Amino acid sequence: MKHFKKSTGVVFLSAAVAFGLIGASGHPLASPSVSAAAVKDDQAQAKAQALQTLNSFYKPALKGQFPGAMAGLTVGVSTRQDVQKQIGEPELPGKDSDAFDVYHAEMGHPGYAVSYKLNKIRELRYFGTNVERQTNIGGITLKMLVHNWGRPDATKTIKNGKLVQKKVVYKRGDYVLSFIFNNDTDLDHINLTAK
C-alpha cells in the first residue's frame, strides 16, 4: 500500500508539471489572471501599433504619398521607373493600362498595388502585412478611424464581385485617401488618388 501511495504521488506531481499547474521545482506557476493580463497587454500594444500605422498615413497623404517603402513617390508625379527603382519589379505586373502592378506582402514588408496613367502613378494601394496583421491595418477598425480622424468626407458601399465593401473617404489637400473595409472591423486596404 505504501508503494501505491508513493507512486500515486509521483504520478500526480508529474501530471501537475505536465499540465502547467506547478513548475518542475514543485512551486505553483503564475495564476491564470497573470496570463490574462499579459494577453490584455499584448492586445493593447497591437492596438497602439495599429493606431500608429493609421496615423502614419495622415501627413504623407497631403503630399500625395504613402509612408514607409513608398515614401517620396507621389501620385501624378512619380513614374513606373521611379517606383521600380525604389521598391523593385512587381511580382505581378499589370497586363493592361487600367491594371495594377502588384507587390506581395512578405515577412515584415507590406503589400502594395500601383496603377499608372501615361506612365505616372494614378493610384496607390496599401495592403499591409500578412504576419502580425493586427499590429498593422488588420487592427484598424472603422471606429478607430472615425475617433482619431473625425467624420469622413464621404462613405459609400461598393461591390467587388460578391464582396460588399464600405469605402470611407478623407480628402487630404489635393488628394483623396480611401479606406476600404470588408466590415467595420476588417480593413482590406487603403487607396490614395488625386482629387
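User: What volume does the largest pocket have?
Analyst: Please keep in mind that this is a predicted model. In it, the largest pocket has a volume of about 190 Å³.

User: Which residues line the largest pocket?
Analyst: The lining is made up of A69, I87, E89, E91, Y103, H104, E106, H109, P110 and Y112.

User: How do the residues of that lining divide into nonpolar, polar and charged?
Analyst: For the largest pocket, five are nonpolar, two are polar and three are charged.

User: And how much space lies in the second largest pocket?
Analyst: The second largest pocket holds about 160 Å³. Its lining consists of Q43, A46, K47, A50, Q134, G138, G139, T141, K143 and M144. The elements that contribute two or more residues to this lining are α2 and α5.

User: Let us change topic to the strands. Is β6 mostly covered or uncovered?
Analyst: Strand β6, residues 175-183, is mostly covered, as seven of its nine residues are buried.

User: In which sense do β5 and β6 pair?
Analyst: Strand β5, residues 163-172, pairs with β6 in the antiparallel sense, and there are seven bridges over the pairing. Within it, Y170 stands opposite L177 of β6. The two strands form a hairpin with two residues between them, and G173 in the turn has a positive phi of about 65°.

User: How many bridges join β6 to β7?
Analyst: Eight bridges join β6 to β7, which covers residues 186-194, and these strands run antiparallel.

User: Now the aromatic rings, please. How many aromatic pairs does the count come to?
Analyst: The count comes to eight aromatic pairs. One of them is F57 with Y126, an edge-to-face pair with 4.9 Å from centre to centre and 65° between the planes. This pair links distant parts of the chain, 69 residues apart: F57 lies in the loop between α2 (32-55) and α3 (58-62), while Y126 lies in strand β3 (residues 120-128).

User: Why does F57 count as buried?
Analyst: F57 counts as buried because its relative accessible area is 1%, and the cut-off for buried is under 20%. Y126 is also counted as buried, with 6% relative accessibility.

User: Why is the pair of W149 and Y170 called edge-to-face?
Analyst: The ring planes of W149 and Y170 stand at 80° and the centres are 5.4 Å apart, so the pair is edge-to-face. The angle that matters here is the one between the planes, as over 60 degrees counts as edge-to-face. W149 belongs to helix α5 (residues 142-149) and Y170 to strand β5; they are 21 residues apart, and the pair links distant parts of the chain.

User: Are W149 and Y170 buried or exposed?
Analyst: Both W149 and Y170 are buried.

User: Which residues do ring pairs link into a cluster?
Analyst: The cluster linked by ring pairs contains F57, F66, Y112 and Y126. Y112 also lines the largest pocket.

User: One last point: where does the charged end of R172 sit?
Analyst: The charged end of R172 sits over the ring of Y58, at 3.5 Å from the centre of that ring.

Methods. Residues numbered from 1 in each chain as written. Predicted model: local features only at pLDDT ≥ 70, side-chain atom pairs only at ≥ 80, totals over all residues. Heavy atoms only, no water. Buried < 20%, exposed > 50% of the residue type's maximum accessible area, 1.4 Å probe, protein only. Helix = DSSP H or I, 4+ residues; strand = E, 2+ residues; numbered from the N terminus. Pairing = 2+ DSSP bridges. Phe/Tyr/Trp six-rings, centres within 6.5 Å; stacked < 30°, edge-to-face > 60°. Lys NZ or Arg CZ within 6 Å of the ring centre and 35° of its normal. 1 Å grid on protein atoms, 1.4 Å probe; cavity = no way out; pocket = protein on both sides within 12 Å on 5 of 7 lines; lining within 4 Å. Points joined across faces, edges and corners; volume = space filled by probe spheres on them. Nonpolar A, V, L, I, M, F, W, Y, C, P; charged D, E, K, R; others polar.
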